[in-house]
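User: I should like to understand how the terms used for a protein model follow from its values. May I put some questions to you?

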Amino acid sequence: NSSQIGLYGLGVMGQNLALNLEDNGFSVSVFNRKAPGEETIVQEFIENEGKGKNFYGAESIKSFFESLKTPRKILIMVKAGKPVDHVLSNFLSYLERGDIIIDGGNSHYKDTMRRKEELKKIGVRYVGMGVSGGEQGARFGPSLMPGGTPGTWPEIQPFFEKIAAKAFDGSPCCKWVGEDGAGHFVKMVHNGIEYADMQLISEAYHILKESLGLEAVEIGKIFESWNDRSLNSYLIEITSKIFMVSDDDGLPLVEKILDCAAQKGTGRWTAIEAFENNVALPGISQAVIARFFSNLIEIRDEFSKTQRPILKASANKEKLIGNLEKTLLACRLAAYAEGFFMISSVSDEFEWNINYSAIAKIWQGGCIIRSALLKEIEQAFQKEPDLKHLILFDEFSEQLSDLQASWRSVVGHAVYSGIPVPCMSAYLSLYDTLRSKSLPANLIQAQRDFFGAHTYERIDKPRGQFFHTDWENQ
Ligand code: NDP
């Protein structure tokens, strides 16, 4: 009974997190399922990456459990879905009251809520922890989003704060997010924002390439200069680097990649959950849809041949580049705003007691959506913890107001030039919708009442009074 923490699942993430924990002074027991008759992954790990380090390589679940200090802290890093249930069912005969299981995979938050309830029956505490940053993050400092059984945090805090990335002020990118499924929910929304930001950057690239006919290296330099200013972020940084890489023949590698985007599903989950919870998520949904559309290669090829070419709208190079930078900033702000709004809407329903400024801090380092803007967002939530929507924060609403002219000109330019900008235009519609004191939904209510007697409320009567009109016989 000597290891401080156990790690089940020595895949890419598991191995790197195990090494990170050990680097930071913790004794770690590791285990991985084993195929019959094969040399185990555990042995391989202990004899190679883990050689001479403070690991205990368990050869069975029994010895894994016996090697851990009680109450046990076990981090599971396996494929999300059924494998997690499979692992938990194998744990059942060894678990004891007070043990803490932490699922660090990309589990669906509803699965996490179910598992937490099931384990509660036997007195076992459960944490769903979002992990971001990929292989490198796991090894040298991930962004960690733990949430689950209340009261668990102080016991696991020392491990995860120590191995996490650092925020702008040097504090760990790991804080208790909230109760229940909050950690995995926040990670899911993180991935949704990631989809939106990637799509927005791709739309900017499309305009630079199609409207201005710029070469890859020049586009890379533009992204590089954007990264030095307010758009500073990991995704803009890697984008600038991508444009500098050439293929064997010296041509830009990015131009040789098939324009057909894949996805593992967490962005789609975010969009589905938004609908399930009656939350509008236009930008993230459009980013998911854009990936679906990118897969319709044959239809795009066939249909493009049937349509007359569009005359490119004229563009002043410097002006368009400047406007694009401002558009990306406005859209990025809108993406975080819709993500945080989704988190707060669902958190209110489940009473997760989410700490929003903590989330803005966690996302400042180690994760894919880390960006300079998150520092401002953290400060906004520190000043106004009950802020209903980020766009209502004075500094952000002023910024959006100032950026809107550039934003409109970019979206207008793309529309006239026939360049699809689903995400940029979805966020502009979001902006215009939320800045409209009145919307045409009154007509929708009249139509609903006309064909279905669904009734309506009136502007000249108190809310909650419903009226019906016999529209045909007026
Ligand atoms: P890998 O594919 O590298 O490893 C998967 C691990 O799951 C292996 O140890 C595998 O064991 C184990 N496993 C699969 N099925 C079962 C099962 N039925 N029972 C027991 N163990 C099983 O995945 P990653 O390390 O990349 O990812 C692990 C988790 O972390 C996933 O949920 C992933 O979504 C999440 N994640 C991944 C990130 C990344 O960048 N890769 C980033 C953030 C989160 P075996 O070797 O025996 O097959």
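User: How do you know that the span of helix 18 agrees with 1.5 Å a residue?

Analyst: The model is a predicted one. Helix 18 covers residues 422-434, that is, 13 residues. The expected span is 1.5 Å times one less than the number of residues, so helix 18 should span 18 Å. Its end C-alpha atoms are 18 Å apart, and therefore the two values agree.

User: What makes residues of helix 18 count as buried, and which residues are they?

Analyst: A residue is buried if 20 or more other C-beta atoms lie within 10 Å of its own. In helix 18 this holds for Cys423, Met424, Ser425, Ala426, Tyr427, Leu428, Leu430 and Tyr431. Their cover includes helix 8 (182-212), helix 12 (282-294), helix 14 (317-350) and helix 17 (394-417).

User: How does the length of helix 12 compare with the expected value, and what do its buried residues pack against?

Analyst: Helix 12 has 13 residues, and 18 Å separates its first C-alpha from its last, close to the 18 Å expected at 1.5 Å a residue. Its buried residues are Pro282, Gly283, Ile284, Ser285, Gln286, Ala287, Val288 and Ala290. They pack against helix 8, helix 11 (266-276), helix 14 and helix 18.

User: Why is lysine 69 called partly exposed?

Analyst: The class lies between 12 or fewer neighbours, which is exposed, and 20 or more, which is buried. Lysine 69 has 14 C-beta neighbours inside 10 Å, so it counts as partly exposed. Lysine 69 is placed in the loop between helix 3 (61-66) and strand 4 (73-76). Its C-alpha atom is 9.8 Å from that of aspartate 99, although the two are 30 residues apart along the chain.

User: What makes the peptide bond between threonine 70 and proline 71 a cis bond?

Analyst: Its omega is about -10 degrees, and the bond is cis. Proline 71 belongs to the loop between helix 3 and strand 4. In general, most peptide bonds are trans.

User: Why is glutamate 351 assigned to one exposure class and asparagine 353 to another?

Analyst: Glutamate 351 has 10 C-beta neighbours inside 10 Å, so it counts as exposed. Asparagine 353 has 15 other C-beta atoms within 10 Å and is therefore partly exposed.

User: How is the chain divided into domains, and what does UniProt list?

Analyst: The division gives domain 1 (5-176), domain 2 (187-434) and domain 3 (442-473). The C-alpha centres of domain 1 and domain 3 are 55 Å apart. An unreviewed UniProt entry lists residues 183-472 as "domain: 6-phosphogluconate dehydrogenase C-terminal". That span is 64% helix and 0% strand, with 53 Å between its end C-alpha atoms.

How values were computed
Residues numbered from 1 in each chain as written. Predicted model: local features only at pLDDT ≥ 70, side-chain atom pairs only at ≥ 80, totals over all residues. UniProt positions renumbered as here; feature names shortened; annotations may be inferred. Helix = DSSP H or I, 4+ residues; strand = E, 2+ residues; numbered from the N terminus. Contact = placed C-beta atoms within 7 Å. Domains from an automatic or database assignment.
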